[in-house]
Amino acid sequence: MQIADIQPERLPRHIAIILDGNGRWAKKNGKLRQQGHKAGADNIEVIGDAMIEYGIPFLTVYAFSTENWKRSTEEVSYLMGLMKRYLMKNKQDALRKGIRIRVIGDRSKLSDDLQVLIREMERDTKDMTRLNLTFAINYGGRDEIVRAVRRAAQDVKQGILAPEQLDEAAFSAYLDTCELPDPDLMIRTSAEQRISNFLLWQLAYSEFYFSDRLWPDFTPEDLLAAIQDYASRERRFGGRVKEAKA
Ligand code: IPE
Ligand code: IPE
Ligand code: MG
């Protein structure tokens with residue numbers, strides 16, 4: 001099975017991944033949780049390269065949720081440091097490969113130096129078009145919606161927006177994902193089957209795919225299997241499936 005065997009119009013355009021299982025991967029391999037996170041971060045590069053190879057232009061990965069602050073300070077600070085190192089290390093690679101990097105989530109609660117690195121990465125890769133790689137950092141779907149409502153309410157208060165103008169399209173423009181299409185396919189690794197506050201608004205009609213693989217073990221072949229599964233599905237969006245012509 002190869003990507004070329006799938007009809008191009010059946011390919012997803014945007015894949016969103018809940019990359020889960022770093023901790024269990026570490027345990028399984030007799031390593032520290034931190035080593036699991038490092039292996040997980042390295043795998044984002046591998047899967048990003050596969051996305052480019054498969055010609056799928058949008059990848060969004062859930063890196064740190066609004067709930068992940070509940071973890072030990074040791075783990076949280078390791079994850080923050082890992083994100084900093086990732087941003088510092090990968091800019092030349094991103095430019096060479098044509099990757100545009102964005103971050104969604106409430107970045108105001110991140111450290112100043114991480115915020116600066118994010119801003120610089122977004123600025124310096126903004127003309128890249130081969131792959132749009134978005135990291136959800138301090139991201140929660142509910143938090144994103146509340147922040148969007150707050151901004152819309154501000155605009156109403158200032159007379160920029162009339163309440164009647166606020167329809168689904170207008171509201172989407174207030175979300176962190178305003179520049180991204182909705183995900184066609186959402187993949188969660190590590191056999192967990194829940195959404196964990198990821199992209200609540202945007203996943204309204206996405207196809208879900210659950211993989212038993214722990215994230216650091218998730219390979220380009222596993223990604224291809226998910227894409228193949230997606231390609232075989234009939235998306236209805238609440239309508240009827242087109243009758244096959246006799
Ligand atoms: C996913 O791996 C990465 C983050 C949530 C940051 P986990 O750390 O959740 O791994 P498990 O679920 O404990 O195996
Ligand atoms: C979801 O994974 C968040 C990220 C992958 C960043 P978690 O491991 O935090 O989710 P739960 O706690 O199992 O739902
Ligand atoms: Mg987990």
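## The cavities

The largest cavity is lined by Ile44, Glu45, Gly48, Asp49, Tyr86, Asn90, Asp93, Ala94, Lys97, Ile99, Ile101 and Leu133. This is a predicted model. The space in the largest cavity comes to about 100 Å³.

Which elements each supply at least two residues of this lining? They are α2, α4 (91-97) and β3 (99-104). Helix α2 provides the largest share of the lining, with four residues. By class, the lining of the largest cavity holds six nonpolar, two polar and four charged residues.

How many cavities of 30 Å³ or more does a search of the whole structure find? It finds two.

## The largest pocket

Now turn to the open space. The largest pocket has a volume of about 630 Å³. It is lined by 31 residues. Which of them are closest to its centre? They are Leu19, Asn22, Tyr62, Ala63 and Asn68. Several elements give two or more residues to this lining: α1, α2, β2, α3 (73-89) and β4 (131-139). The lining of the largest pocket divides into 15 nonpolar, eight polar and eight charged residues.

What takes up this pocket? The space taken by ligand 1 is the largest pocket.

## Ligand 1

Start with the neighbours. Around ligand 1 are Leu19, Asp20, Gly21, Asn22, Gly23, Arg24, Arg33, His37, Ala63, Asn68, Arg71 and Leu79. This shell has three nonpolar, five polar and four charged residues.

Which element gives the most to the shell around ligand 1? Helix α1 does, with three residues.

Now the polar contacts. A polar backbone atom of Gly21 lies 3.4 Å from an oxygen atom of ligand 1. For a polar backbone atom of Asn22, the distance to an oxygen atom of ligand 1 is 3.1 Å. Arg24 uses its side chain: an N or O atom there is 2.7 Å from an oxygen atom of ligand 1. On its own, ligand 1 has 380 Å² of accessible area, and the protein covers 87% of it. Two elements give two or more residues to the shell around ligand 1, namely α1 (22-28) and α2 (33-54).

## Ligand 2

The shell around ligand 2 consists of Ile18, Leu19, Asp20, Tyr62, Ala63, Phe64, Ser65, Asn68, Arg71, Arg188, Arg194 and Ser196. By class, five of these are nonpolar, three are polar and four are charged. Strand β2 (residues 58-65) provides the largest share of this shell, four residues.

Side chains make the contacts listed here.

| Residue | Distance to an oxygen atom of ligand 2 |
|---|---|
| Arg71 | 3.2 Å |
| Arg188 | 3.3 Å |
| Ser196 | 2.6 Å |

Taken alone, ligand 2 exposes 390 Å², and the protein buries 77% of that.

## Putting the two ligands together

Arg71 has a polar side-chain atom 3.2 Å from an oxygen atom of ligand 2.

The classes can be set side by side. The shell around ligand 1 has three nonpolar residues, and the shell around ligand 2 has five. Polar residues number five around ligand 1 and three around ligand 2. Charged residues number four around ligand 1 and four around ligand 2.

Conventions: Residues are numbered from 1 along each chain as its sequence is written. Chains are lettered from A and ligands numbered from 1 in the order in which they are written. This is a predicted model: local features need pLDDT of at least 70, side-chain atom pairs count only at pLDDT 80 or more; totals for chains, interfaces and linings use all residues. Side-chain values use heavy atoms; hydrogens and water are left out. A residue is near a molecule or strand if one of its heavy atoms lies within 4 Å of it. A polar contact is a pair of N or O atoms within 3.5 Å; within protein, one must be able to donate a hydrogen and the other to accept it, and residues adjacent in sequence count only if both atoms are side-chain atoms. Accessible areas come from the Shrake-Rupley method with a 1.4 Å probe; for residues, only the protein chains shown count as cover. On a 1 Å grid over the protein atoms alone, a cavity is a set of points where a 1.4 Å probe fits but cannot get out, and a pocket is an open set with protein on both sides within 12 Å along at least five of seven lines; lining residues have an atom within 4 Å of a point. A molecule sits in a cavity or pocket if more than half of its atoms lie within 2 Å of its grid points. Ala, Val, Leu, Ile, Met, Phe, Trp, Tyr, Cys and Pro count as nonpolar, Asp, Glu, Lys and Arg as charged, and the others, Gly among them, as polar. Grid points are joined across faces, edges and corners, and a volume is the space filled by probe spheres set on the points.
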